[in-house]
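Here is a short note to read with the model open beside you. Take the points in order and find each residue as you go.

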Amino acid sequence: MNFGFNSNVRVGESVFHVQTEDRGPSHPFLDTVVYLSGRVIHKRSTSYQQFAAGVDEKVLAEKLHERLAEQHREVIAQLEAGTIAIPGKLDPVAQNAEGEEGLVLALLNPKTWFTAGIVHLEISLQEKISRKQISDAEVQVFLEYGKHRSACADARTDSKGLATLEFPMPANVPDGSSLVVRATDNYLLGELRFHLKSKPQEKKPVSVA
């Protein structure tokens with residue numbers, strides 16, 4: 001039932017990205033991560049394993065959505081109140097420098113990523129500044145339309161910073177949907193975002209990132 005919230009929050013001269021999501025039954029936690037200039041500065045994780053036991057799936061989805069929204073709002077309120085410590089105390093210039101830190105994702109098979117209804121993404125991951133290959137990083141891909149998000153696949157990068165994600169493309173993808181590939185090594189964040197048409201053709205996606 002993976003879903004979540006993403007917000008950009010300005011506090012003084014700094015802009016934070018707050019991401020809250022339910023990772024699903026295999027990882028029954030509501031996770032909130034706060035990013036500043038592409039790096040993780042705060043995490044909050046709440047287990048719902050006991051809460052979910054024996055609860056009807058539809059009811060559980062509604063309750064978890066409420067709790068997810070509440071946790072997202074609470075972390076934003078903490079940011080705005082200044083009660084979340086910022087490691088390293090970055091100066092305003094460093095905090096606001098676009099692309100100062102983060103991860104770079106590259107699609108290695110732009111001409112063959114979609115074939116016979118199957119999405120096959122070959123991803124390369126590097127650290128933005130040093131261009132160092134990032135191993136054992138988590139890479140996720142999901143479809144996003146408005147406030148709705150559907151997880152499709154996940155993987156971890158190998159020793160060369162490479163990951164492969166494969167899944168069947170759902171039928172009737174709405175116009176305006178995005179295919180989002182996100183990577184994190186628990187410190188830095190990187191993302192690719194592709195615009196999709198309702199019936200994607202077997203050609204290179206158009207990036208709107």
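Where is the place of Arg 131? Point 1 takes this up. Keep in mind throughout that this is a predicted model.

1. **The loop between β7 and β8.** Arg 131 sits in the loop that links β7 (118-127) and β8 (138-145). Its phi is positive, near 65 degrees, and the residue is not a glycine. Buried or exposed, or in between? Arg 131 has 46% relative accessibility, so it counts as partly exposed. The cut-off for exposed is over 50%, and buried means under 20%.

2. Asp 136 is not a glycine either, yet its phi is positive, about 55 degrees.

3. **Strand β11 is covered.** How many residues of β11 (residues 178-184) are buried? Seven of its seven residues are. Both faces are covered. On one side lie Ser 178, Val 180, Arg 182 and Thr 184. On the other lie Leu 179, Val 181 and Ala 183.

4. **The partners of β11.** Strand β11 pairs with β8 in the antiparallel sense, over seven bridges. In that pairing, Val 139 has Ala 183 of β11 as its bridge partner. Strand β11 also pairs with β12 (residues 189-195), again antiparallel and over seven bridges. Here Thr 184 stands opposite Leu 189 in β12.

5. **The β11-β12 hairpin.** Which residue in the turn has a positive phi? The two strands form a hairpin with four residues between them. In the turn, Asn 186 has a positive phi of about 75 degrees.

6. **The β3-β4 hairpin.** Strands β3 (residues 29-36) and β4 (residues 39-47) run antiparallel and are joined by eight bridges. Asp 31 has Ser 45 in β4 as its bridge partner. Two residues lie between the strands of this hairpin. Ser 37, in the turn, has a positive phi of about 55 degrees.

7. **A negative surface patch.** Which residues form the negative patch? They are Asp 56, Glu 57, Glu 62, Glu 66 and Glu 70. Look at Glu 57 in detail. Glu 57 is placed in helix α2 (residues 57-81). Its relative accessibility is 61%, so Glu 57 counts as exposed.

Terms used:
Residues are numbered from 1 along each chain as its sequence is written. This is a predicted model: local features need pLDDT of at least 70, side-chain atom pairs count only at pLDDT 80 or more; totals for chains, interfaces and linings use all residues. Side-chain values use heavy atoms; hydrogens and water are left out. Two strands pair if DSSP finds at least two bridges between them. Buried means under 20% relative accessible area, exposed over 50%, partly exposed in between (1.4 Å probe, protein chains only). Patches are made of residues with over 30% relative accessible area and no salt bridge: like charges are joined within 9 Å, nonpolar side chains (Val, Leu, Ile, Met, Phe, Trp, Tyr) within 5 Å. Accessible areas come from the Shrake-Rupley method with a 1.4 Å probe; for residues, only the protein chains shown count as cover. A salt bridge is a side-chain nitrogen of Lys or Arg within 4 Å of a carboxyl oxygen of Asp or Glu. Lys and Arg count as positive and Asp and Glu as negative; His and the chain ends are not counted. The place of a charge is taken as NZ of Lys, CZ of Arg, CG of Asp or CD of Glu.
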